[in-house]
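Here are a few exercises to work through with the model open beside you. Try each task before you read its solution.

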Amino acid sequence: MMLGITEQFRDNWVLLQINGEIDMATGPELRQRIVHYVQEGHVNILIDLAEVDFIDSTGLGVLIGGLKRTRGHDGDLQCIGLSESLKEMFKLTGLDAVLTEKDT
Amino acid sequence: MTTGITLEIPAKAEYLSLVRAVVVSAAALDPAVKDQRLEDLRLAVSEATTNAIRSHANLGSEERITIRCGLTADRIEVEVQDRGPGFNPEDITPIGPLDQPGRLNYEGGFGIPLMRVLADEIKINSADEGTTVQLVVYTPPSTESS
């Protein structure tokens, strides 16, 4: 299972549009991309999850790791495009308290 | 279990997607199961299988993980059985809120709490020779005549 990731640079944000499923198989790829952007100085990352069919706790861990990494460099990581089931999952895990959905 | 399937997979993350698809397809054979419950099952099975794959990290590649899915009149039962070193479920401490200072240092700790929320019943039997996680999702009475 491949993860589709397309990038756009907007103002001082990197927008990542993700397509596919984020789990133990694909999560490392997203993690590497986030690490790469932060290393390159792009510390504000916006992740569009509208085309994500599935995300599990490994995927949530990648987002939490990205949040910690970007904030550690005075940046931020936010998500948009959450489906109802993803919103529910963010709520169940408390992720909604720290990974707020950016207004579009 | 009245009807069911059994899958044996190598302990590789690449098989997670297949496990989710097969289990949800089997559960969907019962027309009374609502989509939201199928989503709950999909996530819970993925979490259990992910933990099983992780537990095989130090085992040979010939050791398989077994997933059984059975449907009865009032429930879907899924068992995920691994051969990894066991653990004591009592030792799992609940994760704190993510906005708690320092919590962001830990990216994990969601799997078992999520399974407990998503499944109607969960049993974890763990021993030195492996762990079996049993997940149960209740199904409403079917309105179809047979």
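**Exercise 1.** Find the bridge partner of Thr66(B) in E3(B).

*Solution.* Start at Thr66(B) and cross to E3(B): the partner there is Gln81(B). Then widen the view: strand E2 (residues 64-71) and strand E3 (residues 75-81) of chain B pair antiparallel over six bridges. Strands here are DSSP runs of E with at least two residues, helices are runs of H or I with at least four, and both are numbered from the N terminus; two strands pair if DSSP finds at least two bridges between them.

A word on the source: this is a predicted model, where local features need pLDDT of at least 70, side-chain atom pairs count only at pLDDT 80 or more, and totals for chains, interfaces and linings use all residues. Residues are numbered from 1 along each chain as its sequence is written, while chains are lettered from A and ligands numbered from 1 in the order in which they are written.

**Exercise 2.** Work out the strand order of the open sheet in chain B, and say which strands stand at the edges.

*Solution.* First, line up the five strands: E1-E2-E3-E5-E4, with antiparallel pairing. Next, look at the ends: E1 (3-10) and E4 (121-127) of chain B each have a single partner strand, so one side of each is left without a neighbour in the sheet.

**Exercise 3.** Which strands of chain B does helix H2 (residues 35-55) of chain B lie across?

*Solution.* Helix H2(B) lies across E2, E3 and E5 (130-138) of chain B. Contact means C-beta atoms, placed from the backbone, within 7 Å.

Notes: Two residues are in contact if their C-beta atoms, placed from the backbone, lie within 7 Å. Axes are lines fitted to C-alpha atoms, for helices over the stretch in contact, and angles run from 0 to 180 degrees between N-to-C directions.
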